[in-house]
Amino acid sequence: PLHLIRDHLGARSLFYAPVKQGVMFASALPPLVHVGVIAPRISYDGLHIYLAANAVTPPLTMFEQVCCVRPGHVVSLRDGKAVEHDYWGLKSLQEDRVKTENEFAEELRALIVNAIEIRARYGGEYGSLLSGGIDSSLIAATLCRYHDGKPFPALSIAFDEEFYSDADLQKIM
């Protein structure tokens, strides 16, 4: 079977269309329609949802033959049949009302640092693009711990127009 898997929060779309030759899939609708294998017929269900909510929610799309994988889901295709199941759902999350704000902050800090350290352990050369934002600054500061006092390779881009430039924040880092 072919497994189409969409990221858990749905940051990127994943469209698919079963066709005689198998299945076509893409991260945008136009490539699927422009190939010419799919008849570009409007889905009345998709249109109805769009007019009601100003968006089309997966698995519907604006085209009859095209479906969209829902965030946090896997669509397995075999012999022209699609079977969908979720691998990550918001319903599995529960609010923790016992932890303090400081405990949450420490847990978040540990998760972020751990994610950076896992990637740093893969070895090889690495550096950082410093945008002046919190994310690139945090990554660079964490990676500096692995350089044993050696210069840490970093670069930044500044603009002459002050409105667009984060040069002052980049200098702090």
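1. Surface. The chain of this predicted model has an accessible surface of about 12,800 Å². Carbon and sulfur atoms account for 58% of that area. Areas come from the Shrake-Rupley method with a 1.4 Å probe, and for residues only the protein chains shown count as cover.

2. Basis. In this predicted model, local features need pLDDT of at least 70 and side-chain atom pairs count only at pLDDT 80 or more, while totals for chains, interfaces and linings use all residues. Residues are numbered from 1 along each chain as its sequence is written, and side-chain values use heavy atoms, with hydrogens and water left out.

3. Elements. The chain holds 5 helices and 8 strands. These are DSSP runs, numbered from the N terminus: helices are H or I of at least four residues, strands E of at least two. From the N terminus on, the order is β-β-β-α-α-β-β-β-α-β-α-β-α.

4. Overall form. The radius of gyration is 23 Å, well over the 16 Å that the globule rule gives for 173 residues, so the chain is more spread out than a compact globule. That radius is taken over C-alpha atoms, and the rule is 2.2 Å times the number of residues to the power 0.38. Along the principal axes, the C-alpha atoms fill a box of roughly 60 × 50 × 35 Å.

5. Of the 173 residues, 26% are buried (under 20% relative accessible area; exposed is over 50%, partly exposed in between; 1.4 Å probe, protein chains only). Among contacts (heavy atoms within 4.5 Å) between residues at least 6 apart in sequence, 45% join residues at least 24 apart.

6. Sheet. Three strands form an open antiparallel sheet in the order E3-E2-E4. E3 and E4 are the edge strands, each pairing on one side only. Pairing requires at least two DSSP bridges between two strands.

7. Strand E2. E2 covers residues 15-19; 4 of its 5 residues are buried, so the strand is largely enclosed by the rest of the structure. It is joined to antiparallel E3 (residues 22-26) by 5 bridges. E2 and E3 make a hairpin with 2 residues between them. Ala17 stands opposite Met24 in E3. On E4 (residues 67-68), 2 bridges join the strand to E2, again antiparallel. There, Tyr16 stands opposite Cys67.

8. His73. This residue lies in strand E5 (residues 73-78). His73 counts as buried because its relative accessibility is 13%. Leaving out residues up to four places away in sequence, His73 touches Leu4, Ile5, Arg6, Glu84, His85, Asp86 and Tyr87.
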